[in-house]
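Dear colleague,

Please find below the structure that I am handing over to you, together with its sequence. My findings follow directly after it.

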Amino acid sequence: MESLFRCIGQQFRPFAKSAGISPRCCSMPLQRVMTDFGADHAFGQVPKKLQEHYGIEMPVSTVVKVTEHHGQQMQMQRERVVLPVAALGCLQQIVETDGCMLPIVMARADGGDKRKNKKLHWLETRLAMAHTQGSVTPKFDATFGGSVDDAGQAMLNCAVAAGFWTQTQVHGVGDGAPWIEGQTKAKFGGQASYLVDFFHVCEYLVAASKTCDPSNPQPWTESQKSLLKNNESAVVIENLVPYLEAEAIESDKAPVRACHRYLINRLDQLDYKGSIEKGLPIGSGEIESAHRYVIQKRLKLAGAWWKAANVEPMLALRVVRANDGWEKYWGNLATAVAA
């Protein structure tokens, strides 16, 4: 595709200089193609795809530089949260967030792993999601290695992008991590309620059932689940009391005590009946699924490890694509170049 190389021009030289590559290979259409492939596939596969689809030979190093450059631009150009002045916003939103661990490589000075002189470890990235009740097009935001307050801000960013404002009620749902419930209340105040993921609670019930009714654990568990869905958590807690293990027993060998404590500490997060009646989710499967197709599909490829500095640009790429902002980014870039 010769036209890709003919669109060079002086306007692309600033990018070429900042990215450290030759202007001969960085026409805007070609940048877009490389970034498109690099956003979805391992960098090592991109040269083969360029050769197959466009007959273009390109080293992996250039693909990496171009893709990460545009990821950095998307990261810097992320729209700031601008609260509407007069709009009332949508009536009901679902907001969720969750974390997953990404493989990170860092140079080590102690000589370990002599082949590469690097050490490998894992750091958490958090994905936030919000959408109007009934909508199938959520808005996303992601943070890497930041504070829980940063993760809460990402939740607010998503909510505003999805139509949150003064009349909006927020239904937060997530696992039992205290920071999620805390950030939901901190960022949305009295407009929000928070529900602990029903299926996460059920894991505690399943573990406890083997002590509470060892001969019929499944029927016992199902009866407790029905009680919870009817907002009879107090009855479930009472049913656990006779089987509580002694405090002297180690926590990992005391499933009934763990379940009892989990429920006692979250009494204000168990309104399953109210959520069901309003048609709101009682599980956080949506954000768990989103982790797989927004983040893990690209950043947790088998055998792939990342430098910490390169994670955020790639997250920005993935989030922009998930938010249907891809065309807008390249359109804005073309406008800026033409100006």
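The model is a predicted one. I begin with a pair of helices: H10, spanning residues 233-240, packs with H11, spanning residues 255-264, at an angle of about 155 degrees, and their axes lie 10 Å apart. Since angles over 145 degrees count as roughly antiparallel, H10 and H11 are therefore roughly antiparallel to each other. Their crossing is left-handed.

On the H10 side, the contact is formed by Val236, Ile237 and Leu240, which meet Val256, Cys259, His260, Leu263 and Ile264 of H11. Seven of the residues in this contact are nonpolar and one is polar, while none is charged.

I then turned to the cysteines. A search of the whole structure returned zero disulfides. Cys202 is accordingly in no disulfide, and the nearest cysteine sulfur, that of Cys259, is 9.4 Å away; a disulfide would need the two sulfur atoms within 2.5 Å. Cys259 is also one of the H11 residues that meet H10. Cys202 has a relative accessible area of 8% and is buried, the cut-off being under 20%. Cys100 likewise counts as buried, at 8% relative accessibility.

As for the chain overall, it contains 15 helices and five strands. It has 339 residues, of which 44% count as buried. Among contacts between residues at least 6 apart in sequence, 64% join residues at least 24 apart.

With kind regards

How values were computed:
Residues numbered from 1 in each chain as written. Predicted model: local features only at pLDDT ≥ 70, side-chain atom pairs only at ≥ 80, totals over all residues. Heavy atoms only, no water. Axes fitted to C-alpha atoms, helices over the stretch in contact; angles between N-to-C directions. Helix = DSSP H or I, 4+ residues; strand = E, 2+ residues; numbered from the N terminus. Parallel < 35°, antiparallel > 145°, perpendicular 65-115°, else oblique. Left-handed = near helix turned anticlockwise from the far one by under 90°. Contact = heavy atoms within 4.5 Å. Nonpolar A, V, L, I, M, F, W, Y, C, P; charged D, E, K, R; others polar. Buried < 20%, exposed > 50% of the residue type's maximum accessible area, 1.4 Å probe, protein only.
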